[in-house]
Every structure is written in structure tokens, then in C-alpha cells.
Amino acid sequence: MASKKQKKAAAEAEKELKKHPKILIAVIAFVLILAIAAGAYWYFFIYKKDDPEKNPGGAGDIVSGELSIHFLELGNKYAGDCTLIKTGNTEVLIDAGSRQNSAEAIVPYIQQYCTDGVLEYVIATHAHQDHIAAFVGTTSAKGVFESFECGTIIDFPRTNQSETTGSGGRSLYGKYVDALSAEVGAGAKHYTALECVNGENGAKKSYALGEGMEMTILYQKFYETKSSDENNYSVCMLLTRGNDRFLFTGDLEKEGEESLAESNDLPHCKLFKGGHHGSRTSSNDVLLSEITPENVCICCCAGAPEYSTDPAAIFPTQEMIDRVARYTKNIYVTSLATDVVYEPKASWNYTSMNGNIVVTVTAEGLTVTGSNNSTVLKDTEWFRANRTWPSYGVQ
Ligand SMILES: [Zn+2]
């Protein structure tokens, strides 16, 4: 016969058994709730968040990534553009000027940041050498296209340039076309800005860069209309990070800026890459009054008589400064001319002004750091000797 103790143990075991189904149901319910929550998180915060087509109305609200925008010095005394944008492991390169030998400065600089050798996006704004030469490079320095694997290349729908020279050889533009073809042969996708804004042939108007950031190609009429000024063919791009906007317009001139402002609902911009190296004919009020820029970065060799010996036409011009001064005193310039001679033949040398300008955007805000110094243009020696800050300007 079972003892009292044994009977008690059996009764308790029976009780435990009765409890088990309840525990089992509780465990199953808990796992189900977890799975549903994980699925919802993935759908709303991972699948939908960064894709503008699934989430129209802009980039995701959650912005965690750091963004850096680099305006490069180009290793010679000429004005030209090369802008590297980096967020996470994604890089966007806009232009590679100013001459073919600039590849010697540009490629090693990019390699410091683009450690996987892949430039996810490349934009060539227009066919002038000070924007495309270093895509080609020299016999001793490989160009950007040869040095990096490119994901998607977006360039100008129109040009007035010829692919051949008068003597039948390949022009610089022709060499760019050849290097681009080789890159496409190696797997890069190539679209014109017009294909992007129209969403044709697989091109998209907006590309998600991840971490709440995206780039949008903006329409302007010279994507499909002839201009006698090559600069007006420039590809324009708006970069978005959460609520912050950054605008890049290549060398777009007044007519192009007017069309850009007319065709788009342009937002206030944290940063504007100053139009056409700070010339008189770009960064016009039709554009500035809409984007009301907080920071303006100019890619030029300040004071160089490259295009003119008229001091008023030399970059960065007084007229551009007078227009920008209404909105900000934060103007930065990459390089500075030295040993300037106007007569009988213009000549000059160069050194750094701010140097490579790095704009960093984090949750704490935006900072601008020059590799040489971070002095704003109006406080530089060159400015005091050559330009004036208007009395109505931001002080
Ligand atoms: Zn240019």
C-alpha cells in the first residue's frame, strides 16, 4: 500500500500535469506575439522606411546615420569640381575635375573613405573638362572610372561637345564616353538625368541611400532643350537627410537656375554647392531666395586669373557674394591663387584656402572643417584685400 507521503506526491504530480497545458498555451501565445511584432517592425522600419516608392513623401523619419560631404582640392591651380558624399558604406561622387592629372589627388582621397572600392553612385554634371577630366585620368594616374567599381552612373542628357578633335583623335569628352562605356561593360548602370526624372529604362528619380537619406535628381528644362551654354546642361541633385536638404547644381547658369526654381518646389537648404565656382552668372537670387542657404561651399582657386584678368570677374565674384550675403556668412572656398601676374600673360600658382572642405552632419548638427583652416571667406586675408561684405549682409 502506498504511504501517505507517496499519495501526497502523486496528487501533487497530477496537479502539475493539469497546470502544463496552460503553460504550453501561454508559451505558444508569447511566441506568436513576438513573431507578429518582429514582422511589423521589419515591414515598417526596414522594408518600407528607406524606399521612396513604398514610402512616398520623403526619407524615413528615423535618421541615425552620419553624413559627410567632401569638397576636394584638385591638385592643380584650376577651378573644378569634385564632391564626395558618404553615408554608412554608401558613396556618391559628383564630378571629377579639374584636369586629368587631378586623378592623382582625387583617387587616393576617395580611397580613404571608399574602403570597399565601390562607388554606389556617380554623377557627372556636364561635359566640361573641369568636371569630367579625372574620370579619365592620365597614362600614369588611373582615372576614377578605372580605379573604382561604379554602381549607377547618372550624367547629362545633352552636350555641345564633340567626341573627336579637329585632327580626328578622341577629345577629352570622347575619352570620357569611352571610359564610361568600359565601366558599363564592367556592369555599371548608366542613366541620363532625363531618364531619372522620367523614371525611364530602369532609372529612378530618387535613390534611397539608407539610414533615412536619399538623393533626388531634379528636373530643369535644359535636360531636353538646347543651350548655347554647356553649363546649363548640368545635372541637379537634392540630397535629403531627415528634415535637412543639400543642393548641388553643377555649373548651372541663370537660365538653368530659373528653370530649376520654376520646375521644383525647392526647400530651405542647409548647404548649397555655390553655382559655377562663384561666378557672377550663377547663384542668382531666383534660386537663393527659395533655398535660403545656411552654408555655401565654392570649388575654385580664389583670385586666379584663369578665365579673366578683370578683377571683378575673378572667382569668387563680388556679385555672387552680394547675393549670398543676404542669407549667410558661411561661405567656404577650397583653394587660393598665389604669385598672380596679369600682364603680359596671366599666370599664377596655388595653395589651400580652406583646403578640402568636409561638411559633417550628425544628430548634434552640422559642422564645417577645412583641411587647412575653417575660416569663412569674409574673414580671410584675400577677401579683405579684394572684396567687401555688404552692410545688409548677415554679420
Ligand atoms: Zn566648372
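This report walks through the fold of one chain in a predicted model.

## Overall make-up

The chain holds ten helices and 16 strands. It has 395 residues, and 44% of them are buried.

## Confidence

The average pLDDT of the chain is 91. A score of at least 70 is reached by 88% of the residues. Residues 48-61 are another matter: their pLDDT is below 50. In the model, this stretch still has 21 contacts beyond near neighbours in sequence.

## The eight-stranded sheet

Eight strands form an open sheet with mixed pairing. Read across, the order is S6-S5-S4-S3-S2-S1-S15-S16. Strand S6 (189-192) and strand S16 (365-370) are the edge strands, and each pairs on one side only. From one strand to the next, the twist averages 15°.

Which strand pairs with S1 in the antiparallel sense? Strand S15 does, and five bridges link the two. S1 spans residues 67-71, while S15 spans residues 357-362. Look for His70: its bridge partner in S15 is Val358.

## Around strand S4

Strand S4 covers residues 118-124. Is it mostly covered or mostly uncovered? It is mostly covered, with five of its seven residues buried. On one pairing, S4 meets strand S3 (residues 90-94) in the parallel sense over three bridges. Here Leu93 stands opposite Val122 of S4. Between S3 and S4, the chain passes through helix H2 (residues 103-113). This β-α-β crossover is right-handed.

S4 also pairs with strand S5 (residues 149-155). This pairing is parallel too, and it has six bridges.

## Helix H7 and its cover

Helix H7 runs over residues 254-263. Its buried residues are Lys254, Gly256, Glu257, Ser259 and Leu260.

An α-helix has 3.6 residues a turn, so residues three or four places apart point the same way. With this in mind, find Gly256, Ser259 and Leu260 among the buried residues of H7. Then find Glu257, which is buried as well.

Methods: Residues numbered from 1 in each chain as written. Predicted model: local features only at pLDDT ≥ 70, side-chain atom pairs only at ≥ 80, totals over all residues. Pairing = 2+ DSSP bridges. Helix = DSSP H or I, 4+ residues; strand = E, 2+ residues; numbered from the N terminus. Axes fitted to C-alpha atoms, helices over the stretch in contact; angles between N-to-C directions. Buried ≥ 20, exposed ≤ 12 C-beta atoms within 10 Å, placed from the backbone. pLDDT = per-residue confidence, 0-100. Contact = placed C-beta atoms within 7 Å. Right-handed = clockwise from strand over helix to strand, strands pointing away.
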